[in-house]
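Thanks for coming, everyone. Let me put the model up on the screen and then walk you through it.

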Amino acid sequence: MSGTLIRVEGLTKEYRMGSNVVPALRGVSLDIATGEFVAVMGPSGSGKSTFMNLLGCLDHPSEGRYWLGGQEVSQLSSDELARVRNRKLGFVFQHFNLLARTSALDNVALPLLYSEMPPSERRQHAEQRLAQVGLAERMDHHPAQLSGGQQQRVAIARALVNDPQLVLADEPTGALDSRTSVEIMALLQQLNREGITIVLVTHEHDVAHFAGRIISFRDGKVIEDKPNVANDAAAQLT
Amino acid sequence: MNFVATLRIALLALRVNKMRSALTMLGIIIGVAAVIIMIAVGGGAQARVEEQIRSLGSNIIMVLSGSVTSGGARGGIGSQPTITEDDGYAIGREIEEIQAAAPTLRGSGQVVAGNANWSTVFYGITPDYLEVREWAIVEGRGFEQAEMSGAGKVVLIGQTVAKNLFGDASPLDQVIRVRKVPLTVIGVLDRKGQSMTGQDQDDILLMPIGTARKRVLGSALAKSRSVGSIMVKVNQGADMASADARMRELLRQRHRLQPGQDDDFFVRNLSEILQAQEASSKVMALLLAAVASVSLLVGGIGIMNIMLVSVTERTREIGLRMAVGARSKDILTQFLVEAVTLSLIGGAIGILLGVGGAMLIAELAGWRTELSGSSIVLAAGFAGAVGVFFGYYPAKKASRLLPIEALRYE
């Protein structure tokens, strides 16, 4: 578990609303090493979502630089960013964002559709990931036939299917009850132990405590960045 | 992302909203079916008109005796018999564009058979005449060589004459008197119906040209070889204008006309009718195009409307696809393929419906319809083009969405 996966320097993002310029992120600089499990916290409007969007290559920064796995991505075009997302990143969303009327297997395989993987290998890959999150039995189920926790597992399998360098989870437990939340967090924790770097956005301390490092945002700046000492205790809970 | 996968996604998306897809297709279905039916009906009507004109002889040139100026007075057409039977043979022999040339002598008079009589026209003809006019003999036989050369006392009669003189009885081998000359009926001509000018083409007698000249028309013409007109048939596909020009040249030569001297004959053809027919089929085609474009336009707007709704509804899906690596181009292709699939399926159903409808019309209304492969290809092509044209804007709109905004969309 060494080497810098993410390096951001003076990352700034401003939104234009009419004639007003609203700063959402005011110069954030930090490193995240390969294999880390980071929780990003902060009240709404603190800039944590903006930060996540930039980490996820979904948006361009107004200023500052961003290296992902040694590649500078802050200057890439939209199509190049799409390629980076497809190769290096996995996303887990609060509302799962699964395609309705599409089997769990096809949902998981979706990112591969935009990759150069031959169709014959896609299925095998997706099956493997579904098995990894414990849903080997439910590959042909549609999202509507699955519980919230199962749906989020499918979404996690989808995030893993392209063997990403980084998994970004935006409030992954926001739509789940506390029991299921713990299960999902335990799954993420387990994946992290298997070597996957995870950055998680949450506003719940309980959830954040599964991570190994907590970065707190306020008013577009990092106000606190510390290792999570309670991590081991939380892990033992599961 | 390969094409098969894109097509699968499109079909899936269309299947999800079956009712909506079907209703959207309806515009295209009706449009395409209308195009095919109208072209089939129009084609049938045109074919019938063409047939009528062909029966009249659109590739026929008439050479008439010309006017001769004598003592300052200019005679009209046929005022002087200037063309001869031999001019006719020469035309048929020497001009390659000509399929057949039939010199004819025309006369009219009272025809008597038993106690029935009838006034009609008669033509003295050569064997080429029936070929030129594409006229068949339905009963009896044609003229034999001996009858032709020997001015045989035989006659072919048209349907109208047959009916008026003989009623339902067979006219074959009966003797009729034309201007008091007894002739034996050897055959009955097929029905031709009315000409474009409303004349009954079946009210006619045909006899060998020698018979007409020597026996029926009388002594004034008996020695001369002159004829009233030569009916000339140009080969199918040959150039009318050049045939016309070469014929004029030949006749001027034969008549020993000096350069600068007027023609002593007239040449007439049915090019006016051809032009009229061409103009009418142009109008017909224009009308069809207008109807087709209106109905397909309406269908296309329907597709655009539904695709816009679909893009809005699936904003989150688009955001997700972009998040996992779809480029703008992939999204554009996906929605474009969806729109084109919608319009092509609609087009295919429309073709089936159109072909069925055209057959039904032919069956029920008894109209003649002509299904053409090109109209089907055209309609299918149009449907696809409509899909591309009207699907492009919604697809472009989808492809321009920003991933974070699309993902946040509620």
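Predicted model: local features only at pLDDT ≥ 70, side-chain atom pairs only at ≥ 80, totals over all residues.

Residues are numbered from 1 along each chain as its sequence is written, and chains are lettered from A, with ligands numbered from 1, in the order in which they are written.

Okay, chain B. I'll call a residue buried if 20 or more other C-beta atoms lie within 10 Å of its own, exposed if 12 or fewer, and partly exposed in between, with C-beta atoms placed from the backbone. Of the 410 residues in chain B, 39% are buried. For contacts, the cut-off is C-beta atoms, again placed from the backbone, within 7 Å. If you take the contacts in chain B between residues at least 6 apart in sequence, 81% join residues at least 24 apart.

Have a look at helix 7 of chain B, residues 209-216. Six of its eight residues are buried, so that helix is largely enclosed by the rest of the structure. The buried ones are B:Ile209, B:Thr211, B:Ala212, B:Arg213, B:Arg215 and B:Val216. Following helix 7 of chain B you get B:Gly218, with a positive phi near 105°.

Now a helix pair. In general, two packed helices are described by the angle between their axes and the distance between the axes. Axes here are lines fitted to C-alpha atoms, for helices over the stretch in contact, and angles run from 0 to 180 degrees between N-to-C directions. Helix 1 and helix 12 of chain B have axes that come within 9 Å and cross at roughly 60°. That makes helix 1 of chain B oblique to helix 12 of chain B; under 35 degrees would count as roughly parallel, over 145 as roughly antiparallel, 65 to 115 as roughly perpendicular, and the rest is oblique. Who makes the contact? On the helix 1 side of chain B, the residues include B:Leu7, B:Ala10 and B:Leu14, and on the helix 12 side of chain B they include B:Val337, B:Thr341 and B:Leu342. By class, that contact has eight nonpolar, four polar and one charged residues. Nonpolar means Ala, Val, Leu, Ile, Met, Phe, Trp, Tyr, Cys and Pro, charged means Asp, Glu, Lys and Arg, and the others, Gly among them, are polar.

On to the interface. How many residues of chain B are in contact with chain A? There are 16, and they touch 18 residues of chain A. Helix 1 (3-16), helix 11 (315-323), helix 12 (328-364) and helix 14 (403-408) of chain B each supply at least two residues of that side. The largest share, five residues, comes from helix 11 of chain B. By class, the chain B side divides into ten nonpolar, two polar and four charged residues.

Over to chain A and its strands. Two strands pair if DSSP finds at least two bridges between them. Six strands of chain A form an open, mixed sheet in the order 6-7-8-3-9-10. Strand 6 and strand 10 of chain A stand at the edges with a single partner strand each, so one side of each has no neighbour in the sheet. The twist averages 20° from one strand to the next. Strand 9 (213-218) and strand 10 of chain A run antiparallel, joined by six bridges, and A:Arg218 stands opposite A:Lys221 in strand 10 of chain A. Helix 6 (178-193) of chain A packs on this sheet, touching strands 3, 7 and 8 of chain A, and its direction makes about 150° with that of strand 8 of chain A.

Elsewhere in chain A, strand 1 (4-17) and strand 2 (20-33) pair antiparallel over eleven bridges. They form a hairpin with two residues between them, and A:Gly18 in the turn has a positive phi of about 65°. Strand 1 of chain A is also joined to strand 4 (63-68) of chain A, antiparallel, by five bridges. A:Val8 has a bridge partner in each: A:Leu30 in strand 2 of chain A and A:Tyr66 in strand 4 of chain A.

A:Arg101, between strand 6 and helix 3 of chain A, has a positive phi near 55° and is exposed, with 12 other C-beta atoms within 10 Å. B:Asp173, between helix 6 and strand 8 of chain B, has a positive phi near 70° and is exposed too, with 9.

Note on methods
Helix = DSSP H or I, 4+ residues; strand = E, 2+ residues; numbered from the N terminus. Contact = placed C-beta atoms within 7 Å.
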